[in-house]
Amino acid sequence: MRATHIQRGEANNLAVTWDDGHVSDYTLQYLREECPCAGCKGEVLFGKVYRPATLPVYSPGMYDLKALTPTGQYGVQASWNDGHDTGIYSWDYLRMICPCPECTAKREPSLLE
Ligand SMILES: [Zn+2]
Ligand SMILES: [Zn+2]
């Protein structure tokens, strides 16, 4: 799975087209909140998630995307206007957090069984 096209939208969003034709539309705020770096998401050690001790606080510019830098075939690195740039979004991760109804339905455990 990898992205074939990434487009910055007008409405502070990012549209990603995948090689299977799927299109994911993320708001920048959502992407930042799902930042996969250890400082934001914690680290997984021995199957347990260790969250950072301090909760992320709002800083000016944190939801403004300054740049997306491709990291080879692996994914993209996001730089935000508050200076945060340690989040590397692998293609698998980006696809996993796709907010569209179809993908959300696949992720949520079904309550209708
Ligand atoms: Zn982060
Ligand atoms: Zn989706």
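Two strands count as paired if DSSP finds at least two bridges between them. Strands here are DSSP runs of E, at least two residues long, numbered from the N terminus, and helices are runs of H or I, at least four residues long. You're looking at a predicted model, where local features need pLDDT of at least 70, side-chain atom pairs count only at pLDDT 80 or more, and totals for chains, interfaces and linings use all residues. Residues are numbered from 1 along each chain as its sequence is written, while chains are lettered from A and ligands numbered from 1 in the order in which they are written.

- Strand 1 and strand 2 are joined by 5 bridges, and His 5 has Thr 17 as its bridge partner in strand 2.
- Strand 2 (residues 13-18) is also joined to strand 3 (residues 23-27) by 5 bridges, with Val 16 opposite Ser 24.
- The hairpin of strands 2 and 3 has 4 residues between the strands, and Gly 21 takes a positive phi near 95° there.

**Sheet 6-7-8**

- This one is an open, antiparallel sheet of 3 strands, ordered 6-7-8.
- Its edge strands are strand 6 (65-71) and strand 8 (87-90).
- The twist averages 25° from one strand to the next.
- Strand 6 pairs with strand 7 (residues 75-80) over 6 bridges, and Leu 65 has Trp 80 as its bridge partner in strand 7.

Methods
Axes fitted to C-alpha atoms, helices over the stretch in contact; angles between N-to-C directions.
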